[in-house]
Amino acid sequence: MAGAAAAGRPWARVCQDTIGKGKAGTKIQCLKAAADALKEGKSVLIDRCNLEREQRSDFVKLGCTVQADVHAVFLDLPAKVCISRSVSRTSHEGNVQGGMAAMVVNRMLKNKQAPLLTEGFSRITFCTDDDDIKKAVDMYSALGPSHSLASGVFGQKSKGPVQTGIMKFLKKADTSSVNKSSGTMVTSSERKTGQQNTTLKQENLEAGGACSMQVEKKLDNLKEKGEQSKERVSSDTSLCTLAFPSISTADFQFDLEKASEVIVDAATDFVQKHDNVRLVLVDLSQKSRILSLVKDKAAKKSFDSSRFFTFVGDITQLHSKGGLQCNVIANAANWRLKPGGGGVNAAIFNAAGEALQHATKECADTLRPGNSVAVPLPSTSPLHQQEGVTHVIHVLGPNMNPMRPDCLKNDYTKGCNVLREAYNSVFENFASIARSYPGKQNDETSSRKSASGVISPNDSKTKREGIDDSERTKKSREEDNKKNGGVTNKTWGSWAQSLYEVAMHPEKYKNADSILEISDEFVVLKDLYPKAKRHVLVISRTDGLDSLADVKKVHLPLLRSLHSAGLKWAHKFLEEDASLTFRLGYHSVPSMRQLHLHVISQDFNSPSLKNKKHWNSFTSAFFLDSVDVMDDVDQHGSATINPDEKLLAMELRCHRCRSAHPNIPKLKSHIGACKSPFPSHLLKKDKLLSVSTGRTGCS
DNA sequence: GTTCTAGAAC
DNA sequence: GTTCTAGAAC
C-alpha cells in the first residue's frame with residue numbers, strides 16, 4: 001500500500017508478508033523496495049517485526065546512506081496481548097494466526113530488543129497500548145512535507161529512578177501516572193490536528209507484529225544541523241557514548257595544564273580497557289584552552305582516537321545541534337547536587353527540567369570531591385526526549401577556589417589525586433551503564449548487575465539501592481540504623497518479623513517439625529508456604545543482618561556457611577527424589593527480615609505459588625544465585641542488587657523455555673509439562689543441582 | 001509474607 | 001456466568 005498522505009507526501013509501505021507478488025518474500029526484497037521508494041522521494045514505512053537489532057540494522061543503514069531520517073515506532077505491547085491477538089486474528093497476510101501464532105510470537109518476543117537512538121534512529125516512539133498506537137498512526141498520517149518531528153525517544157515508560165527499599169514499604173511512588181502523563185504530553189504536543197484520514201493501516205500495526213519502523217526522507221532537516229553534524233553524524237553510533245565537561249577547571253579554578261594531563265591519562269586508560277564505549281570531552285567555545293591542551297596531549301598517546309575525542313558544543317544540545325548522540329552526560333555538580341550556580345550545572349539542570357532534580361534526589365543528597373553518582377534520567381525529561389540522554393552522572397571535582405567549599409589551597413598533589421578519582425568514578429559509573437545497555441550484553445547476569453545504572457561495583461563508597469555515595473549521608477544513615485540495631489534503615493512490617501524471631505530464639509521452636517537444623521550461624525527451616533515441592537530457608541542468625549543490602553565482605557564466611565548448609569539439604573532431598581533440580585539464592589529485596597537463603601526445587605509445583613510476584617521472585621533477575629552473590633561480595637565487598645520492582649511485575653515466562661503465558665494457571669500447566677533444558681546462564685557455574693548432572697555447586 | 005475481595009478479563 | 005488479578009489490610 002502506498003498511502004498518499006493528505007498533506008502531499010507519498011508513502012510507500014514495505015511489508016515482507018506481501019512483497020513477493022502479494023505473498024511472503026525476503027528481507028532482501030524489502031530492502032530493495034525501500035531503497036527504490038526512497039530514490040523516488042517517498043517516505044517509507046517498513047512494516048516488518050524487526051524485533052532484533054541486527055534484523056533492523058540493514059534498514060537503518062539504508063536510511064542513513066540516503067540521508068533520510070530514520071524513525072522507529074516500537075509496539076511494546078504485553079506478550080499476552082500479542083499472543084492473544086495473533087491467535088485470534090484471521091486473514092493475516094503472513095498466515096501467522098491460530099494455534100501456530102502463539103509459538104511464533106513467543107519465539108519472536110524472546111529475542112525482543114527495544115530500539116535505541118544509538119542504533120541510528122533519530123526518533124523512537126514507544127507505543128504500549130492502543131491509544132499510543134492510534135496517536136502514532138495519526139501523527140505520521142498527518143505529516144506533511146514541510147513538517148518534521150522532533151528527535152529523541154517518546155512514550156517510553158521510564159525505567160524511573162531506582163526505588164529505595166524503604167520507599168517500597170512506606171509508599172509506592174506513583175510512577176505509572178507520571179509516565180502516562182509524559183507519554184500523552186509528548187505525543188499530543190507533536191500531533192498535527194485535523195487529519196483523520198489514516199493512510200497507514202492501523203490494524204497492521206496492532207496485530208501484525210510488535211515493532212515497525214519508518215524510514216523518513218527528510219534531507220532539509222539534516223542541513224539544519226550545521227557543520228559539526230556532518231563531521232560526526234556518520235561516526236559510530238553503536239558505541240555507548242559519554243559526553244563530559246572538564247571538571248574543576250571553571251569555577252573551581254583548577255590548573256588547566258594539570259587537569260588536561262589527568263583527563264588524557266584517565267580517558268585513554270579507560271577506553272583501552274573497555275570496548276563499545278567512547279568518551280567525548282565537551283566545551284562550549286571553539287577557543288577552549290582545555291580542549292586544545294587535551295587534544296595536544298592526546299595526540300602524543302597511542303589509542304583509538306574515535307573512542308576519545310574533544311567536541312565543541314553545548315553539552316545539553318549535542319544531538320539536536322551538534323549531531324552527536326550521547327547516551328550519558330556528566331555534570332560538574334555542586335556538593336549539594338542542587339541546580340543553579342551557573343555554568344554546566346545550571347545548564348544541565350535547566351535543560352533536563354524538574355525530572356532530573358527528582359531523580360537525583362532519589363539517588364543521593366550530597367556528593368564529596370572525587371565522587372560521582374549516576375542518575376537515570378526519566379523519559380519525562382526533555383533532555384531524554386530531545387537529546388536521547390538516558391543518564392546524568394553528577395561528579396564533584398577538587399576545588400581550588402577559596403570562595404567555594406572544601407578549598408584545597410593550591411595543594412595540587414591532593415588536587416590531582418582527587419581529580420583523577422573524580423574522572424575514574426565517572427568513567428566507572430558510565431561503564432556500568434554501558435554494560436546495562438541492551439545489546440551491549442547478552443546474558444541476564446550482566447544486565448541485572450548494572451541495570452539501575454546507579455551502582456558502581458568498583459567503588460565501595462557508592463551507594464546501593466539508590467541511596468548515595470556521600471560520606472555525610474552515609475554517616476547519618478548509619479546513626480539511624482544503630483538505633484534500629486540494623487545496618488540498613490528499611491522498615492519491616494509486623495508480619496516480616498517471623499524469621500528474625502526464629503533466628504534469635506530457635507530453641508523455642510525446636511520441636512516444630514518445620515525446623516530442620518539449628519547451628520550457631522544459621523537455622524534451616526521449611527518454608528511455611530513452599531513455592532515448590534521442596535523449599536527451605538537457611539536463615540542467618542546474625543542480628544542486624546536483614547538482607548543482602550547489608551552484606552559486607554566480613555560476611556563472606558557466613559554466606560559460605562549458609563551455602564554449604566543449603567547444598568547439604570538439597571543433596572538430602574535429591575536422595576529422596578532424584579527427579580528434582582535445586583537452585584540456591586537470595587531475593588534482591590526480601591519481604592521477611594533476617595538474611596535468608598532460599599533452597600528451592602525447580603518444579604515450582606506448589607499450591608502456595610499463586611501470583612506473578614511469587615513466580616518472578618524466583619525466576620527473574622530478582623533472584624540472585626548464591627554463587628554469584630558470594631563472588632560479588634568477594635570481588636566488590638558487597639552484593640550488586642537491582643531493587644527494581646518491575647522485575648516482579650514482568651510478564652510470566654517459563655523458566656526453562658522462556659515462553660510467555662497469559663496467567664498463572666496457564667503458566668503452571670505449562671511448567672508442569674515443559675521439558676526444555678534450563679537456560680545456559682543457569683547451567684554455568686553450577687547454579688543448578690541435580691542427580692543427573694552430578695553437580696555439587698561447590699566450585 | 002498471606003488473606004480477602006472488587007472488578008477486570010474472558 | 002466464571003476465572004483471574006491486583007490492591008488493601010494485616
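**Questions about a predicted protein–DNA model**

Modeller: Chain A has a mean pLDDT of 78, with 75% of its residues at 70 or more; pLDDT is the predictor's confidence in each residue, from 0 to 100. This is a predicted model, in which local features need pLDDT of at least 70 and side-chain atom pairs count only at pLDDT 80 or more, while totals for chains, interfaces and linings use all residues. Residues are numbered from 1 along each chain as written, chains are lettered from A in the order written, and side-chain values use heavy atoms, leaving out hydrogens and water.

Colleague: Which stretch has pLDDT under 50 and 124 contacts beyond four places in sequence?

Modeller: That is residues 439-488, where contact means heavy atoms within 4.5 Å. Where pLDDT is low, the predicted coordinates should not be read in detail.

Colleague: What makes a set of residues a nonpolar core?

Modeller: The members are buried Ala, Val, Leu, Ile, Met, Phe, Trp, Tyr and Cys residues joined through side-chain atoms within 4.5 Å, and buried means under 20% relative accessible area with a 1.4 Å probe, protein chains only. The largest such core here has 43 residues, and Leu242, Phe244 and Phe308 are among those with the most contacts inside it. Helix H16 (412-436) is one of the elements that each supply at least two of its residues, and H16 gives the largest share, eleven residues. Helices are DSSP runs of H or I with at least four residues, numbered from the N terminus.

Colleague: What does Phe308 touch beyond its neighbours within four places in sequence?

Modeller: Its contacts include Phe244, Ile263, Leu279, Val294 and Phe303.

Colleague: Which residues surround DNA strand C?

Modeller: They are Trp495, Asn663, Ile664 and Pro665; a residue is near a strand if one of its heavy atoms lies within 4 Å of it. A side-chain N or O atom of Trp495 is 3.2 Å from a base nitrogen of DNA strand C, whereas Ile664 uses a backbone N or O atom, 2.8 Å from a phosphate oxygen. Trp495 is also listed among the residues around DNA strand B.

Key:
Polar contact = N/O pair within 3.5 Å; in protein donor to acceptor, adjacent residues only side chain to side chain. Buried < 20%, exposed > 50% of the residue type's maximum accessible area, 1.4 Å probe, protein only.
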